[in-house]
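Okay, thanks for coming, everyone. Let me put the sequence and the model up, and then I'll walk you through a few spots in it.

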Amino acid sequence: MRIGIQVAFAGPAADPVHVRETARRAEAVGFHSIWVPEHVVLFEEYASRYPYSADGKIGGGAHLAPPEPLTCLAFMAACTEKIRLGTGILIVPQRNPVYTAKQVADLDVLSGGRFDFGIGVGWLAEEFQALAVPFEHRGARADDYLRVMKALWTQETSCYDGKLYKLPPVVQNPKPVQKPHPPIYAGGESDAALSRAARLCQGWYGVALTPETLPDRLKVLDAKLAENNRTRKDIAVLVSPYAAKPDLDMVRRFEDQGVDEVVLMAMHSKRERVYQMIDDLAERIVAKAA
């Protein structure tokens, strides 16, 4: 069973010393991967509902936004040697796909092929508005953008003609180290997210799930895979219990359900608390799960 860790360097915690120490510590105690989130802007007031809290509000408030994830992971790549580096998640439809493909390929090269590409479609309509990007049809846009990026990663001269994006013949280098490209994990628990994983991705990353709630989502995932002539053997399943307190028994139960990697949470505004959480999870779960 692989065990990852999700962190968020919010506000004053987003300094190089803390980022470096967190990445190195997670690697030293045996975590398989480290994941960081994305929000380019946050808001003091917003109507959109955050899906992972009872009150619909994201924790920490507007002034604790994380650093840009690909930049952050590139910094961590230079500070580490073997831990895998993931976006949990990157909001694909609010970004230009050509620039994103370039950043992803560069990160994969600079990390020596350690990048895991967790993607999602976003929930914060106000963020899309601030970027002058339509919030509507963001799922279809994400699908088109993924196809654009795959073309850029795998074709020497790349082009794409889709409904929402048209790419003329271009040359983009370097190509990713991982072939045909870094693994893409569709984030989200909706049927649409599971369909995206089955159609376009090498994995699924579900959040705020427990051994009790996971089977329903796996049933839907299996059905979506079958529609695309695939099975669970063709993708990796990543799960995070998010706010639920994890223990070794939970991890074992996830493993019995076919989960490939469990991503635990170590998110706190105080750096010493983050280090304590990493060490505690490593001692209670990582070492024993190995």
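**A walk through the model**

Let's start with a hairpin: β6 connects to β7 through 4 residues. When I say strand or helix, I mean DSSP runs numbered from the N terminus, with helices being H or I of at least four residues and strands E of at least two. Quick caveat before I go on: this is a predicted model, so local features need pLDDT of at least 70 and side-chain atom pairs count only at pLDDT 80 or more, while totals for chains, interfaces and linings use all residues. Residues are numbered from 1 along each chain as its sequence is written, and side-chain values use heavy atoms, with hydrogens and water left out.

β6 covers residues 158-161 and β7 covers 166-170, and they pair antiparallel over 3 bridges; strands pair if DSSP finds at least two bridges between them. Tyr-160, for one, has Leu-167 in β7 as its bridge partner.

Now, the loop between β6 and β7 holds Tyr-165, which links up with Tyr-145 in helix α5 (residues 138-154), 20 residues apart. What kind of aromatic pair do Tyr-145 and Tyr-165 form? Edge-to-face, with 5.6 Å centre to centre and 85° between the planes. The rule is that rings of Phe, Tyr and Trp (its six-membered ring) pair if their centres lie within 6.5 Å, and planes under 30 degrees apart are stacked, over 60 edge-to-face, the rest tilted. Both tyrosines, Tyr-145 and Tyr-165, are buried. Buried here is under 20% relative accessible area, exposed is over 50%, and partly exposed is in between (1.4 Å probe, protein chains only).

The count of aromatic pairs comes to 10. One of them is Phe-115 with Phe-117, a tilted pair at 5.7 Å and 35°, and both of those are buried too. There's also a cluster, with ring pairs linking Tyr-46, Tyr-50, Tyr-52, Trp-123 and Tyr-242.

Staying with Tyr-46, Lys-57 lies over its face, 4.1 Å from the ring centre. For that, NZ of Lys or CZ of Arg has to be within 6 Å of the ring centre and within 35 degrees of the ring normal. Arg-138 does something along those lines with Phe-135: its charged end sits over the ring, 3.8 Å from the centre.

On to β3, residues 84-87. Arg-84 and Gly-86 point one way, Leu-85 and Thr-87 the other, and all are buried. In general, side chains in a regular strand alternate between the two faces of the sheet. β3 runs parallel to β2, joined by 4 bridges, and Gly-86 is the bridge partner of Trp-35.

How many salt bridges does the structure hold? There are 18, each being a side-chain nitrogen of Lys or Arg within 4 Å of a carboxyl oxygen of Asp or Glu. Among them, Arg-84 meets Asp-116 at 2.7 Å, N to O. That one links β3 to strand β5 (residues 115-120), 32 residues apart, and both partners, Arg-84 and Asp-116, are buried.

Then there's Glu-38 with Arg-95, at 2.9 Å between the closest N and O atoms. Glu-38 is in the loop between β2 and α2 and Arg-95 in the loop between β4 (90-91) and α3 (97-110), so this pair ties together parts 57 residues apart in sequence. Glu-38 counts as buried because its relative accessibility is 7%.
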